Amino acid sequence: MMKHVVIFTLLLTTFCSMAKATTEIDKLNQQAIALIDEDLDAAESLINKLLQEYPNNHLTLFYCGRIMGRQAGLAFFKALSYAEKSLACMEKAVLLAPDNITYRKGLVNFYLGAPAIAGGSEERAFKQVEEIMLRDKTQGFIAELAFYKQTKSSKELEKKLLSFEQTPANVELIAYELGLLYQQNKDFDNAHQQFLKALNNSDAMSSLKLNILYQLGRNAVFSKTNIQLGIEALTNYSKSELNTSLPSLYWAYYRLSQLYKLSNNTEGYNKYRRLARKTDDEQLIKLLKR
């Protein structure tokens, strides 16, 4: 009986030590990636130390890929060296955690963004898209769409999106992407129709639906039509909970001020102009000064 107690105690101690170590490395990983926009050299220094201590931690490796990739984009003489290390880290992260979609998407972005000399390859990128598709059809479709957006011309992309349109899945995403493409080509009427289609096929207030609402309002500014619908869309957008991947609340206020100006509503224009001026976004500040 005593022997069993001792074994159980040893197992429990080992488990607690492993859990503590996991918690500690998670914290350090987050510290490293948090530094990427504040102090890139410090981020590199910390991730290198973590790699020495935890060479097989897949999150450490993935963050290594991101940090070294950022350094490669900024460096000149050492760009190739950084790119090679970024790729090596990302590929090992995928090897250790093959079902992690985020890691595979990171590889797709690397292969498409890097020159061939640094490991870039459309063929390898699409192979990762196929691997993602095997694991998650929705995420695979999103990855495939991103692949075509980066590798095809505007006309070819339109053809691909229209071919996707024949399938019932992902209707709102396809319509949204078509809307963006038409908007980019200044075909604002078709863009409006696609954004409406996307909106009518979306249910929950997801990031995609919020993006659709924002683009409906933005498109109304560009086209100078459907102004009231644009105001309604942006008003709903501005009352929603926004995350950092979405256009900021201040951009929504700016677009609303533009739409109120188009509708000759001075009170609405002044109200949203004042709200937009609270931004610290330099690009928006420049627009507001015009």
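The model is predicted: local features need pLDDT of at least 70, side-chain atom pairs count only at pLDDT 80 or more, and totals for chains, interfaces and linings use all residues. Residues are numbered from 1 along each chain as its sequence is written, and side-chain values use heavy atoms, with hydrogens and water left out. The chain has 15 helices and zero strands. Helices (H or I, at least four residues) and strands (E, at least two) are DSSP runs, numbered from the N terminus.

**Overall build**

- The radius of gyration is 24 Å, well over the 19 Å that the globule rule gives for 290 residues, so the chain is more spread out than a compact globule. The radius is taken over C-alpha atoms, and the rule is 2.2 Å times the number of residues to the power 0.38.
- Along the principal axes, the C-alpha atoms fill a box of roughly 80 × 50 × 40 Å.
- Of the 290 residues, 43% are buried. Buried means under 20% relative accessible area, exposed over 50%, partly exposed in between (1.4 Å probe, protein chains only).
- Among contacts (heavy atoms within 4.5 Å) between residues at least 6 apart in sequence, 49% join residues at least 24 apart.

**Surface and charge**

- The chain exposes about 17000 Å², and carbon and sulfur atoms supply 53% of that area. Areas come from the Shrake-Rupley method with a 1.4 Å probe; for residues, only the protein chains shown count as cover.
- The 36 positive and 31 negative charges have mean positions 4 Å apart. Lys and Arg count as positive, Asp and Glu as negative; His and the chain ends are not counted. Each charge is placed at NZ of Lys, CZ of Arg, CG of Asp or CD of Glu.

**Helix H8**

- Helix H8 spans residues 154-164, and its buried residues are Leu157, Glu158, Leu161 and Phe164.
- Seen down the axis of H8, these buried residues fall within an arc of 120 degrees, so they line one face of the helix. The arc is that of the directions from the helix axis to the C-beta atoms.
- Exposed Lys155 and Lys159 sit on the face turned away from the buried side of H8.
- Cover for the buried residues of H8 includes helix H7 (137-151) and helix H9 (171-184).

**Positive phi in loops**

- Most residues other than glycine have a negative phi.
- Lys186 has a positive phi, near 65 degrees. Lys186 lies in the loop between H9 and helix H10 (188-200), and is exposed at 64% relative accessible area.
- Lys224 also has a positive phi, near 60 degrees. Lys224 is in the loop between helix H11 (207-223) and helix H12 (227-238), and is exposed at 55%.
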